[in-house]
Amino acid sequence: MPVIFEPFKIKVVEPLALLTRQERELHLRAAGGNLFGVPAEAVTFDFLTDSGQAAMSTEQWSAVMRADESYAGSRSFKRFEASVRELCGYRNIIPTHQGRAAERILFSLTVSKGKLIPSNCHFDTTRANIEYGGGEALDLVIDEARDPQHPHPFKGNIDLQKLERVVRERRADIPLGMVTITNNTAGGQPVSLENLRGISRILRAAGIPFLLDACRFAENCWFIREREPGQAQRTPHEIAREVFSLADGCTVSGKKDALVNMGGFLALDDDELALRARNLLILTEGFPTYGGCSARDLEAMAVGLHESLDPHYLEYRARSTAYLAQGLNRAGIRTVQPPGGHAVYIDAHALLPHIPAEQFPGQALAIELYLHGGIRSCEIGSVMFGKLTPDGSFAPARNELVRLAIPRRVYTQSHIDRVIELAGEVAARASSLRGLRMSYRPEFLPHFTGRFESVG
Ligand code: F0G
């Protein structure tokens, strides 16, 4: 197998922060053991998220300079609209400052108490926006997705039988159906074209609009091309056109596959809904030809959306994620299988079986990866999803994972090699890691601001 190299040259560089363990200890103590509180200048390898972290291309930066910042009717909007429409085909393209703003507008207009939105897995902000409106966000992902070691190639798929049943029993309560591509919550796993066709058939037969949460659409299309029988000869662009044609609209955070640092959009075929969405956009985001973005953001997205479908880029992207997973596996660290598109998820429970869920093994591992190597990751386990029950006991999360999300076009293979080496050193002395106690637990979203102390 030939080496798959980064298909770009580097034109602008930013030095990495190289600190000692003692220096990192001081930063972590000041942050109360929470990596969200550590300043970026004290992080060497930042894998907290892939969102908004992309390095932009020369073409994107050129487009930024071309931007027309007119308040109304800007030429940049026209270019953005044409770029999105060429890809998705939807009639109405509504820019928002990021993905959750598109979600908020969509669900403000469609969800009220008693409504139900089925999906494979809703991302946190999607779920929160549905629940904020009094609705129910229902996850219908296939059972295989719940098992971190199951090798199913499309662990983002919806269980179509469950979807059919829900549609049959609750039709009147369902204003729209969704699917997240790729399925971030369940490990960055793709949804197959066959499954998307099935979802579309079921929803359309029932007259229910179908929307994609499409922020990682390009990575999903690459997995379809690589893993789905009969798809290898098609370009990612052709696959993407078909994927979008199966749905009636989408919400997109441009901070992922549109390769920008800020931006997003809502796209809808339904003119009447789009009219109401634009009115709400004016109220909360901005005029419909910029909608919460500057024109330069729209220009960069217009270019990035198409760059991310370049097969050389996607091959490198998928291979570098798999490369990190395989390196960690060789160092004795179990990861969710198969590796996702944008991130590798370490199974912290498997690595630290001596730390019980209520002592947060994922957070303990994330902290040690930081102290030992300056690697910033994100716990997706009992810190994020554990619940204090009314009787005062603790209900842990289903899995104790640590996510290493890979920014697009930012780190090279030697960075990844060093991360594998450092993580391997942590794994070699895993049994000496200790559990944690949450010394401050905020009422909501404890992973952002909770504080931690070592136990024992
Ligand atoms: N949908 C999915 C699947 C996401 O992963 C995200 C963000 C959003 C919607 C919201 O987009 O941040 O632009 O408002 N995911 C980031 C992450 C935050 O780290 O996975 P946003």
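1. Helices (H or I, at least four residues) and strands (E, at least two) are DSSP runs, numbered from the N terminus. With that in mind, V3 is found in the segment before α1 (21–30). The model is a predicted one, in which local features need pLDDT of at least 70 and side-chain atom pairs count only at pLDDT 80 or more, while totals for chains, interfaces and linings use all residues. Residues are numbered from 1 along each chain as its sequence is written, and side-chain values use heavy atoms, with hydrogens and water left out.

2. Is V3 buried or exposed? Taking buried as under 20% relative accessible area, exposed as over 50% and partly exposed as in between (1.4 Å probe, protein chains only), V3 is exposed, with a relative accessible area of 62%. V3 and Y316 are 313 residues apart in sequence, yet their C-alpha atoms are 9.7 Å apart in space.

3. Strands of a sheet pair through backbone hydrogen bonds, either parallel or antiparallel; here two strands pair if DSSP finds at least two bridges between them.

4. The expected span of a helix is 1.5 Å times one less than its number of residues, so the 13 residues of α14 should span 18 Å, which agrees with the 18 Å between its end C-alpha atoms. This helix is mostly covered, since twelve of its 13 residues are buried, among them Q363, L365 and Y370. G374 follows α14 and has a positive phi, near 70 degrees.

5. Which residues line the largest cavity? They are N34, L35, F36, L48, Q363, S377, C378, E379, V383 and H447, and the volume of this cavity is about 80 Å³. A cavity is, on a 1 Å grid over the protein atoms alone, a set of points where a 1.4 Å probe fits but cannot get out, and lining residues have an atom within 4 Å of a point. Grid points are joined across faces, edges and corners, and a volume is the space filled by probe spheres set on the points.

6. A further open sheet has five strands in the order β2-β8-β7-β6-β5, with mixed pairing. As β2 and β5 (177–180) stand at the edges, each with a single partner strand, one side of each is left without a neighbour in the sheet. β5 and strand β6 (residues 210–213) run parallel and are joined by four bridges, with T180 standing opposite D213 in β6.

7. Helix α11 (residues 295–307) is mostly covered, with ten of its 13 residues buried. The buried residues of α11 pack against several elements, including α12, β2 (92–96) and β8 (264–268).

Notes
Contact = heavy atoms within 4.5 Å. 1 Å grid on protein atoms, 1.4 Å probe; cavity = no way out; pocket = protein on both sides within 12 Å on 5 of 7 lines; lining within 4 Å.
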